[in-house]
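Colleague: I am new to this structure. Could you walk me through it with a few questions and answers?

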Amino acid sequence: MEKPVNLILVIFGATGDLNSRKLVPSLFSLMNQDLLPERFVLLGVGRGEMTSGDFRDKMAEAIRKYTEDREQDMSHILDFVKNVEYHRLDYNKVSDYVDLGHKLTKVRNESGIGGNIIFYMATPPNMYETICTDLSEAGLTDQAEGFRRIIIEKPFGYDLESAKRLNTVLHRLMDEDQIFRIDHYLGKETVQNLMVTRFANGIFEPLWNRNYVHRIEITSAESMGVEDRGGYYDSAGALRDMVQNHLLQMVGLTAMEPPSSLDPDAIRNEVLKVFQSLQPIREEDVEKNVIRGQYIASKIRGECVMGYRQEKGVDLNSRTETFVAMKFFINNWRWGGVPFYVRSGKRLPTRVTEVVIHFKQTPHHLFQRVVGKLAGNQLIIRIQPDEGILLKFDMKEPGAGFIVKNVNMDFHYKDLADVRVPSAYERLLYDVMIGDSTLFSRDDEVETAWKFIDPIQKAWKNNPDIKIYGYPAGTWGPEPTNELIEGEGLTWRYPCKNMADEELYCEL
Ligand code: BG6
């Protein structure tokens, strides 16, 4: 793989959780694979007073604590932190950005790195505009001496209007190809594999349309609560936090037309077309098509689990949703009339993300009388954990008559013993370094996704009568979620860790 050119990576919000949990362990892993630039400096920027030495110790600790891949060679931690520095900055003080410029010149001179700099916004989202503007005013986004790129964490905006405003501000300061809007789901191997499954195999694509697909279901469930992010989450909620970005991107890759090439814009154009074809959910239809819930205290395996409103940083009367399930359609030639069901929530029974393609039944049920209801065919693309693909189909049970049984054809990434699945951030950080924007959201994609989400947010805001259901932590969300799926005997798929074991349904 190509080694990136020498550069400095400046991370704003460097003392925060994202940097410790995800960014630094991913950079360390890139170093272990010899995929960091020959000369590389990580300059952490934060509001707190801290020496570079203390910051290095903190980052070394973070690598030890949060490196998930136990095969990583931990003896290289000291080599990694040698290239780590810290700089204090008050985000609202323009003169501090001039000082940052001086610091960067010093780092460049000492390290022999040319003028290439990447700025990563890992701060609270309300700081993005200020930081980018002040960086530009201090001349730090000027590309005369090397490239300047900006990575913006999600959420990109709060609604359509704020996303547009942020895009306008960014475009005033730099070109679209300098802006990398991160959606870490796009960095997941299995999300990218959605495209490979569809477009590298001749057998799926002919069936991938309204003639053969009955419905599509996308679930992203988390067993954890909001942890220590209550403050942020309470102003976001599941719709903004997960659906507007991660889930809609998965919808895009599942539903898009084949791109003409692997060129970043060829792929993003196709995803954009899907977003443009989303049938708007009108404010008056929100109650019927979108179910929201909030977890309440319960016992999970004998242990008491607090409710959302008791979490740190959360308003005692909060009406923020920790669960969303919705039904919508994509108005285009391929998907006309096929319902898409999407749900995401915290404190559900397990952590699992999957895309389920439910195929239509055969036109004539030859065997139905023998076995009752046939389970039919499903293709389940498991995004995480236990990444893989499962195809369910009916087979004759050996013996007299025609007893039909639904069986599994199951592929697990982990069976490819010599293949390591890189973390999403590892992949995305590397891509920014080499300037590949394929897996980043473009301005128009983000805005079009918000356009679809906005009426839902408005309906919830304007109509307090729309219910927010409580669901006990550890269950699959509020009961009315099931009513979204229309059709006799049809329900959501209730996935469990062991996909092969269909008996392991989680009870509500
Ligand atoms: C983040 C959300 O973008 O994605 C979090 O802000 C969520 O609330 C996380 O927990 C889920 O990511 P993953 O990779 O664990 O599925």
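Predicted model: local features only at pLDDT ≥ 70, side-chain atom pairs only at ≥ 80, totals over all residues.

Colleague: How many residues of the shell around the ligand are charged?

Modeller: Among the residues around the ligand are Lys154, Glu222 and Arg229. The shell has two nonpolar and three polar residues. The charged ones number seven.

Colleague: Which side chain has an N or O atom 2.5 Å from an oxygen atom of the ligand?

Modeller: Take the polar atoms in turn. A polar side-chain atom of Arg351 lies 3.3 Å from a ligand oxygen. For His184, the distance to a ligand oxygen is 2.8 Å. The 2.5 Å distance belongs to Tyr185.

Colleague: What share of the ligand's accessible area does the protein cover?

Modeller: On its own, the ligand has 390 Å² of accessible area. The protein's cover of that area is 83%.

Colleague: Is Val10 buried or exposed?

Modeller: Val10 sits in strand S1, residues 7-12. Its contacts beyond four places in sequence include Leu43, Ile117 and Phe119. The cut-off for buried is under 20% relative accessible area. Val10 has 0% relative accessibility, so Val10 counts as buried.

Colleague: How far apart are the centres of domain 1 and domain 2?

Modeller: Domain 1 spans 7-153, and domain 2 takes in 186-363 + 442-487. Taken over C-alpha atoms, their centres are separated by 32 Å.

Technical notes:
Residues numbered from 1 in each chain as written. Heavy atoms only, no water. Near = heavy atom within 4 Å. Polar contact = N/O pair within 3.5 Å; in protein donor to acceptor, adjacent residues only side chain to side chain. Areas by Shrake-Rupley, 256 points an atom, 1.4 Å probe, with all protein chains shown as cover. Nonpolar A, V, L, I, M, F, W, Y, C, P; charged D, E, K, R; others polar. Domains from an automatic or database assignment. Helix = DSSP H or I, 4+ residues; strand = E, 2+ residues; numbered from the N terminus. Buried < 20%, exposed > 50% of the residue type's maximum accessible area, 1.4 Å probe, protein only. Contact = heavy atoms within 4.5 Å.
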